[in-house]
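Open the model in your viewer and keep the selection tool at hand. This tour goes stop by stop and says what to pick next.

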Amino acid sequence: MEQRHLGRTGLRVSRIGLGTLTWGHMDENDAADLVKVFWEAGGTLVDTADVYGDGEAEYLLGRMVERLVPRRDLVIATKAGSVPDPYRRFDGSRGHLLSALDASLARLGTDHVDLWQIHAFDPETPLEETLQALDIAVSSGRARYAGVSNFSGWQLAKAATWQLAAAGTRTRVASTQMEYSLLQRGIEREVLPAAVDLGVGLLPSSPLGRGVLTGKYRHATPADSRGASEQFAPFVAPYLDDAASRVVDAVSIAADGLAVTPLQVALAWVRDRPGVTAPIIGARNAQQLTAALSVETLSLPDEICQALDDVSAPVHRYPDQDWSTL
């Protein structure tokens with residue numbers, strides 16, 4: 001699999017990443033199959049978080065490192081900052097973040113992670129305190145690189161600029177992880193321009209529109225799908241409206257014309273967008289993952305990309321883009 005630099009850093013990662021959001025509800029053997037298939041295909045970037053399965057995802061991944069895959073062959077990324085508190089969803093305090101990192105390392109069975117990410121912006125903590133945790137993590141050797149997740153455009157720009165303001169003493173923001181797909185292009189308004197300008201690599205989550213872009217929901221909700229499960233149905237539901245259906249139809253038409261699958265078209269589109277480093281795929285089984293990894297040899301023709309851009313285009317109005325329309 002092709003490798004790409006993560007933002008303006010020396011870290012290289014596979015251009016498709018493996019996500020572990022559902023591993024807390026997955027059999028260990030199924031998770032092991034995913035890791036083996038991913039590694040054998042040349043995949044390196046495995047993304048997790050301390051809250052996935054209440055830590056179970058990190059624990060499962062840690063059990064597989066060395067036993068199934070050499071640690072040196074993986075780029076392990078995890079996150080901290082989300083908390084199970086109904087009154088405070090995110091805790092970006094230095095104390096919480098560094099304690100969470102130590103707990104993650106214990107579950108992962110490693111002395112460092114390759115990429116440590118702040119899971120979300122915490123409005124209750126000064127941003128400079130949150131960012132200091134990144135500096136300490138990297139300077140202490142517990143993390144090699146640092147990034148953020150779910151930061152808005154101004155939040156990302158502020159964080160990345162702060163870290164660049166004193167060269168050599170602060171850790172560059174290497175990446176931002178955000179939802180991005182043909183069904184969710186909101187980050188193109190401000191987040192993506194900020195990331196490109198500041199040299200921050202984008203790691204798109206849910207690049208298949210929470211599974212909807214595969215076309216599986218075009219006519220009905222499959223009984224074995226996430227959309228049919230009590231836990232994940234609310235997660236899928238926002239992308240089952242008429243506007244999404246028009247995009248899914250366009251993806252399916254493009255797939256028929258190219259003799260490939262809708263999954264391959266949707267994933268190739270987001271993988272090759274400007275600023276994107278590696279979409280994160282959350283496959284439920286090895287068969288799904290194999291289907292996603294088959295996109296490696298596919299590049300969409302320009303006319304197909306333009307047609308998909310047109311049918312899924314987000315609304316750009318003042319002050320996001322061109323003032324001449326005022």
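**Start after helix H4**

H4 is followed by Gly141, whose phi is positive, near 85°. Helices are DSSP runs of H or I with at least four residues, strands are runs of E with at least two, and both are numbered from the N terminus. This is a predicted model: local features need pLDDT of at least 70, side-chain atom pairs count only at pLDDT 80 or more, and totals for chains, interfaces and linings use all residues. Residues are numbered from 1 along each chain as its sequence is written, and side-chain values use heavy atoms, with hydrogens and water left out.

**Helix H4**

Now select residues 127-139, which form H4. How far apart are its end C-alpha atoms? They are 19 Å apart, which agrees with the 18 Å that 13 residues should span at 1.5 Å a residue. The expected span is 1.5 Å times one less than the number of residues.

Color the buried residues of H4: Leu127, Thr130, Leu131, Ala133, Leu134, Asp135 and Ala137. Buried means under 20% relative accessible area, exposed over 50%, and partly exposed in between (1.4 Å probe, protein chains only). An α-helix has 3.6 residues a turn, so residues three or four places apart point the same way. Next, show what the buried residues of H4 pack against: helix H3 (94-108), strand S6 (113-118), strand S7 (143-149) and helix H5 (153-164).

**His119**

Go to the loop between S6 and H4, where His119 lies. Is His119 buried or exposed? His119 is buried, with a relative accessible area of 10%. Leaving out residues up to four places away in sequence, His119 touches Ala49, Val51, Tyr52, Lys79, Ala80, Gly81, Ser82, Ser149 and Asn150. Contact means heavy atoms within 4.5 Å.

**H2 against H3**

Select helix H2 (residues 56-64) together with H3. They pack at an angle of about 45°, with their axes 7 Å apart. That makes H2 oblique to H3. Axes are lines fitted to C-alpha atoms, for helices over the stretch in contact, and angles run from 0 to 180 degrees between N-to-C directions. Angles under 35 degrees count as roughly parallel, over 145 as roughly antiparallel, 65 to 115 as roughly perpendicular and the rest as oblique.

Show the side chains in this contact. H2 gives Glu58, Tyr59, Leu61 and Gly62, while H3 gives Ser104, Arg107 and Leu108.

**The cores**

Select Trp23, Trp116 and Leu156. These touch the most other members of the largest nonpolar core, which has 86 residues. Helix H9 (residues 262-271) supplies the largest share of this core, seven residues. Another core, of eleven residues, lies apart from it; Leu45, Val75, Ala77 and Ile280 are among them. A nonpolar core is a set of buried Ala, Val, Leu, Ile, Met, Phe, Trp, Tyr and Cys residues joined through side-chain atoms within 4.5 Å.

**Two positive phi values**

Most residues other than glycine have a negative phi. Pick Arg210, in the loop between strand S9 (201-205) and helix H7 (233-236). Its phi is positive, near 60°. Arg210 counts as buried, at 18% relative accessibility.

Move on to Ala259, in the loop between helix H8 (242-258) and H9. Ala259 has a positive phi of about 60°. Ala259 counts as exposed, at 70% relative accessibility.

**Last stop: Gln3**

Finish at Gln3 in strand S1 (residues 3-5). Gln3 is partly exposed, with a relative accessible area of 24%. Draw a distance from Gln3 to Thr44: their C-alpha atoms are separated by 8.8 Å, and the two are 41 residues apart along the chain.
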